[in-house]
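Subject: Structure for your files

Hello,

Here is the structure you were to receive, with its sequence. My notes on the side chains follow below it.

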Amino acid sequence: MFAVVRTGGKQYRVAAGDKIVVEKIEGEAGASVTLGDVLLAGEGSELKAVDGITVAAEIIAQAKADKVIVFKKRRRHNYRRRNGHRQQHTILKIVSVGA
């Protein structure tokens with residue numbers, strides 16, 4: 001069985017046993033979380049009603065993404081700014097999809 005869930009402003013297609021990287025969710029490694037915002041669910045080519053369906057997941061790790069360099073420059077004004085940013089994210093393992 002699979003489901004499409006929304007978390008962190010993005011949508012993910014998940015099934016039991018999948019590992020996904022999502023925007024940061026509060027919790028320690030090993031903690032259980034429930035993703036309740038299920039948009040679509042089904043099995044094979046059949047779709048099912050999403051009433052009461054939740055997705056149970058386990059937090060594997062809290063991590064940071066690769067560094068993104070932000071560089072600003074204005075020609076002929078001796079203006080240069082270099083900045084970096086690492087977005088925090090959470091790695092989840094989907095335990096079960098169902099009621």
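A residue counts as buried under 20% relative accessible area, as exposed over 50%, and as partly exposed in between. By that rule Arg6, at 39% relative accessibility, is partly exposed. Please keep in mind that this is a predicted model.

Salt bridges

How many salt bridges does the structure hold? There are 3. Side chains of opposite charge can pair when their charged atoms come close.

In one of them Arg6 pairs with Asp37, and the closest N and O atoms are 2.9 Å apart.

Another joins Lys10 and Glu23, at 3.0 Å from N to O. This pair also links distant parts of the chain: Lys10 is in strand 2 (residues 10-15) and Glu23 in strand 3 (residues 19-23), 13 residues apart. Lys10 is partly exposed at 38% relative accessibility, and Glu23 is partly exposed with a relative accessible area of 25%.

Glu43 and Lys48 also meet in a salt bridge, with 3.3 Å from N to O. Glu43 counts as partly exposed at 43% relative accessibility, as does Lys48 with a relative accessible area of 37%.

Strand 4

Which side chains of strand 4 (residues 32-35) are buried? Val33 and Leu35 are, and they point to one face. Strand 4 pairs with strand 7 (residues 54-64) in the antiparallel sense, over 4 bridges. In this pairing Leu35 stands opposite Val55 of strand 7.

Nonpolar surface

Leu39, Leu40 and Leu47 make up a nonpolar patch on the surface, and together they have about 250 Å² of accessible area. Leu47 is part of strand 6 (residues 46-48). Its relative accessibility is 59%, so Leu47 counts as exposed.

Rings

The structure has 0 aromatic pairs. Two arginines do lie over rings, as follows. The charged end of Arg13 is over the ring of Phe2, 4.3 Å from the ring's centre. Arg74 lies over the face of Tyr79, and the distance to the ring centre is 4.6 Å.

Regards

Definitions and conventions. Residues are numbered from 1 along each chain as its sequence is written. This is a predicted model: local features need pLDDT of at least 70, side-chain atom pairs count only at pLDDT 80 or more; totals for chains, interfaces and linings use all residues. Side-chain values use heavy atoms; hydrogens and water are left out. Rings of Phe, Tyr and Trp (its six-membered ring) pair if their centres lie within 6.5 Å; planes under 30 degrees apart count as stacked, over 60 as edge-to-face and the rest as tilted. A charge sits over a ring if NZ of Lys or CZ of Arg is within 6 Å of the ring centre and within 35 degrees of the ring normal. Patches are made of residues with over 30% relative accessible area and no salt bridge: like charges are joined within 9 Å, nonpolar side chains (Val, Leu, Ile, Met, Phe, Trp, Tyr) within 5 Å. Accessible areas come from the Shrake-Rupley method with a 1.4 Å probe; for residues, only the protein chains shown count as cover. A salt bridge is a side-chain nitrogen of Lys or Arg within 4 Å of a carboxyl oxygen of Asp or Glu. Helices (H or I, at least four residues) and strands (E, at least two) are DSSP runs, numbered from the N terminus. Buried means under 20% relative accessible area, exposed over 50%, partly exposed in between (1.4 Å probe, protein chains only). Two strands pair if DSSP finds at least two bridges between them.
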